[in-house]
Amino acid sequence: MIFAEQIPADAWKKMTVIGARDAGQFAKGHIPGAINLDWRQVLAKRNTGSFSAQAGFALRVAGRDNLRSLQGGMEQWKAQGGFDAAAKATAPAKY
């Protein structure tokens, strides 16, 4: 698991982000640039919230090890500041 605020904004450009929800849920909202891959299809496709945890588990069983599941999924990502979560987390406190 990794938190959005642990990922610097420039690192997102180097990552492949998979939205593991079904197509209907993905259409309602997702992290910009994410690829929709329903968690039930992850092993069949062999691509690199709870859906992402299940997809991550399936990929690990298939021998993949360089992957992270975003803690709290897309909603938490948005709440923490999206691509700017790391910068917001390290910004000086405002009094």
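Q: Where do Lys78 and Glu75 lie relative to each other in helix H4?
A: Helices are DSSP runs of H or I with at least four residues, strands are runs of E with at least two, and both are numbered from the N terminus. Lys78 and Glu75 are three residues apart in helix H4 (residues 73-79), so about one helical turn separates them. This is a predicted model, in which local features need pLDDT of at least 70 and side-chain atom pairs pLDDT 80 or more, while totals for chains, interfaces and linings use all residues. Residues are numbered from 1 along each chain as its sequence is written, and side-chain values use heavy atoms, without hydrogens and water.

Q: What does Lys78 form with Glu75?
A: Side chains of opposite charge can pair when their charged atoms come close. A salt bridge requires a side-chain nitrogen of Lys or Arg within 4 Å of a carboxyl oxygen of Asp or Glu. Lys78 forms one with Glu75, with the closest N and O atoms 3.6 Å apart. The structure holds one salt bridge.

Q: Does Lys78 count as buried, exposed or partly exposed, and which class does Glu75 fall in?
A: Buried means under 20% relative accessible area, exposed over 50%, and partly exposed in between (1.4 Å probe, protein chains only). Lys78 counts as partly exposed at 47%, and Glu75 as partly exposed at 49%. Of the 95 residues of the protein chain, 29% count as buried.

Q: How many aromatic pairs does the whole structure have?
A: Rings of Phe, Tyr and Trp (its six-membered ring) pair if their centres lie within 6.5 Å; planes under 30 degrees apart count as stacked, over 60 as edge-to-face and the rest as tilted. A search of the whole structure finds three pairs. In one of them, Trp12 and Trp77 have ring centres 6.1 Å apart and planes at 70°, so the pair is edge-to-face. Trp77 and Phe83 are also edge-to-face, because their planes stand at 80°, with centres 5.1 Å apart. Trp12, Trp77 and Phe83 form one aromatic cluster.

Q: Which residues make up the largest nonpolar core?
A: A nonpolar core is a set of buried Ala, Val, Leu, Ile, Met, Phe, Trp, Tyr and Cys residues joined through side-chain atoms within 4.5 Å. The largest one has 12 residues, including Ala4, Trp12, Leu70, Trp77 and Ala85. Contact means heavy atoms within 4.5 Å; leaving aside neighbours within four places in sequence, Ala4 is in contact with Leu70, Trp77, Gln80, Ala85 and Ala86.
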